[in-house]
Amino acid sequence: MRDSRFLPFLGLCLAALLGACNNLSSTPTATVDYNRNYDFSHVHNIAIQPIVRDTVETMMMSDAQIVRINEALTAELQQRGFKVATGNSYADMFLSWRFVPEESATVSTFDPATQKITEATIYVDMIDPVILQTVWRANFRAHLDDQTDTSGAAEYSRQAAAAMLAQFPPNPIEP
C-alpha cells in the first residue's frame with residue numbers, strides 16, 4: 001500500500017513523456033466529418049471566405065498569421081486539383097476557417113495583443129453555396145509554441161493545411 005503514494009508521480013511522468021512524444025516530428029492528422037449524402041463530384045472551384053475580426057480570437061491573430069493560413073490552404077487546394085475562386089459567384093463551395101484557442105492557453109491581460117496562444121483548434125468548413133450549410137468539416141489541433149520564426153510558422157501552416165484537407169473530398173461511399 002505504501003507504493004500507491006507514487007501513483008500520482010508516475011501519472012505525471014507518463015503525461016510528460018506522452019507530451020514529449022507529441023512534439024516529435026510526425027504526420028499531423030485532422031478529424032473529419034461530412035454529410036455522407038452530399039455529392040462532392042461537382043466541386044471544382046472553392047472560394048476562401050474572409051476572416052471577420054469580431055471575436056477576441058480573431059483579433060489576437062496577426063494579419064501575417066491569417067495570410068499564412070490562407071496561403072497554405074490555397075496551395076493545398078491547388079495541389080489537390082481545385083481552383084481557388086476569386087469571388088463567391090464563381091465558387092462551387094465556400095471554405096471558411098476559424099481559429100479557436102484553448103481557454104487555458106491564453107494569458108489573461110487587458111490587451112489582446114499581449115496574449116500568447118500555445119494551443120488551439122483550427123476548424124475548416126466547406127459550405128454549400130446554395131443551401132449555405134456546412135457539408136464537410138475538419139478540425140486540427142494546433143500547437144503554436146513559437147510563432148516568431150516565420151519560415152517555421154509557414155511550414156507548420158503548410159503541414160496543417162495538408163492534414164486538414166487530406167480527406168477532402170471524401171471518397172464516395174459504395175452503394
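This report walks through the fold, cores, helix packing and a few individual residues of one predicted protein model.

## Ground rules

Residue numbers start from 1 along each chain as its sequence is written. Because the model is predicted, local features need pLDDT of at least 70 and side-chain atom pairs count only at pLDDT 80 or more, while totals for chains, interfaces and linings use all residues; side-chain values use heavy atoms, with hydrogens and water left out.

## The overall fold

Let's start with the whole chain. It has 4 helices and 6 strands, and from the N terminus on these elements run α-β-β-α-α-β-β-β-β-α. Both kinds of element are DSSP runs numbered from the N terminus: helices are H or I with at least four residues, and strands are E with at least two.

Of the 175 residues in the protein chain, 33% count as buried. Here buried means under 20% relative accessible area, exposed means over 50%, and partly exposed lies in between, with a 1.4 Å probe and protein chains only. Turning to contacts (heavy atoms within 4.5 Å), 68% of those between residues at least 6 apart in sequence join residues at least 24 apart.

## Two nonpolar cores

A nonpolar core is a set of buried Ala, Val, Leu, Ile, Met, Phe, Trp, Tyr and Cys residues joined through side-chain atoms within 4.5 Å. The largest one here has 33 residues, and Leu73 and Trp97 touch the most other members. At least two residues of this core come from each of β2 (45–48), α3 (63–79), β4 (93–101), β5 (119–128), β6 (133–143) and α4 (150–165). A second, separate core of 5 residues includes Ala47, Ala91, Phe94 and Ile127. As general background, nonpolar side chains in soluble globular proteins tend to be buried together.

Which residues does tryptophan 97 contact, leaving aside its neighbours within four places in sequence? The partners are Ile51, Met61, Ile66, Ile69, Asn70, Leu73, Ile122, Tyr123 and Val124. Phenylalanine 99 is found in strand β4 and counts as buried, at 7% relative accessibility. Phenylalanine 99 and isoleucine 66 are 33 residues apart in sequence, with 9.6 Å between their C-alpha atoms.

## How α3 meets α4

Two packed helices are described by the angle between their axes and the distance between the axes. For α3 and α4 the angle is about 45° and the axes are 8 Å apart. Axes are lines fitted to C-alpha atoms, for helices over the stretch in contact, and angles run from 0 to 180 degrees between N-to-C directions. The two helices α3 and α4 are therefore oblique to each other; angles under 35 degrees would count as roughly parallel, over 145 as roughly antiparallel and 65 to 115 as roughly perpendicular, with the rest oblique. The crossing of α3 and α4 is right-handed, a term used when the near helix is turned clockwise from the far one by less than a right angle, with anticlockwise being left-handed.

On the α3 side, the residues that meet α4 are Arg68, Ile69, Ala72, Leu73, Glu76 and Leu77. Their counterparts in α4 are Thr150, Ala153, Ala154, Ser157, Arg158, Ala161, Ala162, Met164 and Leu165. By class, this contact has 10 nonpolar, 2 polar and 3 charged residues.

## Loop residues that reach across the sequence

Histidine 44 lies in the loop between β1 (31–34) and β2 and is partly exposed at 48% relative accessibility. Beyond its neighbours within four places in sequence, histidine 44 contacts Phe82, Lys83 and Asp92. Histidine 44 and aspartate 92 are 48 residues apart in sequence, yet their C-alpha atoms are 6.4 Å apart.

Asparagine 88, in the loop between β3 (83–84) and β4, is also partly exposed, with a relative accessible area of 39%.

## Backbone details worth a look

Most residues other than glycine have a negative phi, and most peptide bonds are trans. Leucine 132, in the loop between β5 and β6, has a positive phi near 50° and is exposed at 59% relative accessibility. A cis peptide bond, with omega about -10°, joins phenylalanine 168 and proline 169; proline 169 lies in the segment after α4.

Methods:
Nonpolar A, V, L, I, M, F, W, Y, C, P; charged D, E, K, R; others polar.
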